Amino acid sequence: MIGILLYVVGTAWLLMNAWQLKKSEKKMAPVVTLYLLIFFLMGEQALFALLYHFVHIPIGLISLGISNALLGGLVYYFKGKLGRQEYEKVLIGDIFSVIFFTVIAVWFCTYMWGWDLIMSFYSLDGKEVHCMLSETIAKTGNYENPQYFEALNSALWMQIFRVFIPGDEGYYKAHMLSQVVIQWLSSFGMYAVAKTYTENRKNDYLAGLTTFFYAAGYPLFIAYFGFAYFGTIINMICAIFVIYRLMHQDAVEKWFSFGYLNLMLYSMFACYSFFIPFVFPPLFIALWFDEVAKEGKIFSLKMVRKEFQVFLLPIIVGMINSFSNLSQLGEEGGITNNGGCYIDLYSNFLRILPLAAVGMIVLWKKNKHDILGLELVWSLACLLGMIYLNHHGKISLYYVSKIYNILWLLFFVYIFVCLCEFHEKVPAALGGLAILIIASFLLSKTQIPMMVTKDNPEIYAPVHADYHGVYPDVYWYNQNVATVIHNSTEEERKVRLKEKEQ
């Protein structure tokens, strides 16, 4: 109980001072700042956990509560030097949207697992691997896997719940609650990114609506498989996109944006290093283009210094932490191993491409070097390369499918931009949309998809060949799998009731 009290007080003290610390000369959006602070907390705890790991101090509520309190004192000191941050008024659209996607996230999760949060995943790894990683930290105060980021946060929940719910059940309930929180953050992350692409308050409702359709797709798939680490890394990418957009708009101080990027880039090493090659290069190029636009030079020492300030420290610390894991990459099959995944290369994205394409065109006209465009081009190039490697047996479809989660995020941000554009230029947007819908339909009827999948038929809707709906296949798939998990949970609940009666 002392550990819980220390952790809660220390964390509240840190977050209060971090919220008040001046981070920009401009007023900041409360919702966007809140999302950044959530990942700041998770990131700094992961960094302290790394330090404790090397000096053999148990990682848990007490040690992290103390470090949060000390860091909060440091932030309080700098708050006196830098001043207090001013914020915009909390908008009704923000309140509505946050409540909306909170209710939806709770509904998703309680339908599958119930209010009593019975552990039931579509993959055995959800319990036997990922839950056990968290349980190891909760019980031993140390981590075995260098990619410990999500497991650490789940372990803290476990240490709290264990006080009130005895036995392993306390660990399981806490782990399931962490799954609900990650699902909620998936919606929050999409919403925060969308907020950086509009200044029109009326578009907040559109952001909330778009977030619903985003969260009901690939993020929900992640939840029912129990891959919270996977959801966390996508949410972390959202935080990187948000802080870059604020940098790009000169909406935050340089020390804050550079420090935050340092923390998030290291956190990617500590969470799921597989995604590093997909995110680091586009961010590097985006920062480079921004400096070119400011300086008017393709190369300068200032540009080099900026890139070093953002990337050098997190790469060094991340490599030190991840070395043992990277050295095992080629063992037991490495990236040729298969695992639980949802694979559909065409149908989901073809159905939403027309709307997304309008958003792509709008952003291209406004800002040719936006990070979303760079990330999209790089991700598609990586996807094509991975499909080629899969064809030659160098990488499994399990790993190929992971990049779809980034593409899903990018497409829905573009869709949001497209919907915002409808407010201002409805005739032109509708005309362009009609053309794109027709083009997308015609493309799906050609032999091109069959040519690509001829040698690897599994890559195109292997389980859902009978699905011909107008909406993306992933929604249909999620609906069916959620029902399976719901039924499994009900059966488990009945078994437990019988055991209690006996």
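The chain is a predicted model, where local features need pLDDT of at least 70, side-chain atom pairs count only at pLDDT 80 or more, and totals for chains, interfaces and linings use all residues. Residues are numbered from 1 along each chain as its sequence is written, and side-chain values use heavy atoms, with hydrogens and water left out.

**Overall make-up**
- You'll find 20 helices and 0 strands here; both are DSSP runs numbered from the N terminus, with helices being H or I of at least four residues and strands E of at least two.
- Of the 502 residues, 55% count as buried, meaning under 20% relative accessible area with a 1.4 Å probe on protein chains only.

**Helix 2 against helix 6**
- The axes of helix 2 (residues 30-55) and helix 6 (residues 149-164) come within 10 Å and cross at roughly 100°. Axes here are lines fitted to C-alpha atoms over the stretch in contact, with angles from 0 to 180 degrees between N-to-C directions.
- That makes the two helices roughly perpendicular to each other, a label for angles of 65 to 115 degrees.
- Helix 2 brings M42, G43, Q45, A46 and A49 to the contact, while helix 6 brings F149, L152, N153 and L156.
- By class, that's 6 nonpolar, 3 polar and no charged residues. Ala, Val, Leu, Ile, Met, Phe, Trp, Tyr, Cys and Pro count as nonpolar, Asp, Glu, Lys and Arg as charged, and the others, Gly among them, as polar.

**The second largest pocket**
- This pocket holds about 890 Å³ of space, taken as the volume filled by probe spheres set on the grid points.
- A pocket is an open set of points on a 1 Å grid where a 1.4 Å probe fits, with protein on both sides within 12 Å along at least five of seven lines; lining residues have an atom within 4 Å of a point.
- Its lining has 33 residues, with K195, T196, T198, E199 and Q249 nearest the centre.
- Helix 17 (404-424) is among the helices supplying at least two lining residues each, and gives the most, with 5.
- The lining splits into 11 nonpolar, 10 polar and 12 charged residues.

**Two loop residues with positive phi**
- Most residues other than glycine have a negative phi.
- H56, in the loop between helix 2 and helix 3 (61-82), has a positive phi of about 60°. At 70% relative accessibility, H56 counts as exposed, the cut-off being over 50%.
- D250 has a positive phi of about 55° and sits in the loop between helix 10 and helix 11 (254-271).

Conventions:
Angles under 35 degrees count as roughly parallel, over 145 as roughly antiparallel, 65 to 115 as roughly perpendicular and the rest as oblique. Contact means heavy atoms within 4.5 Å.
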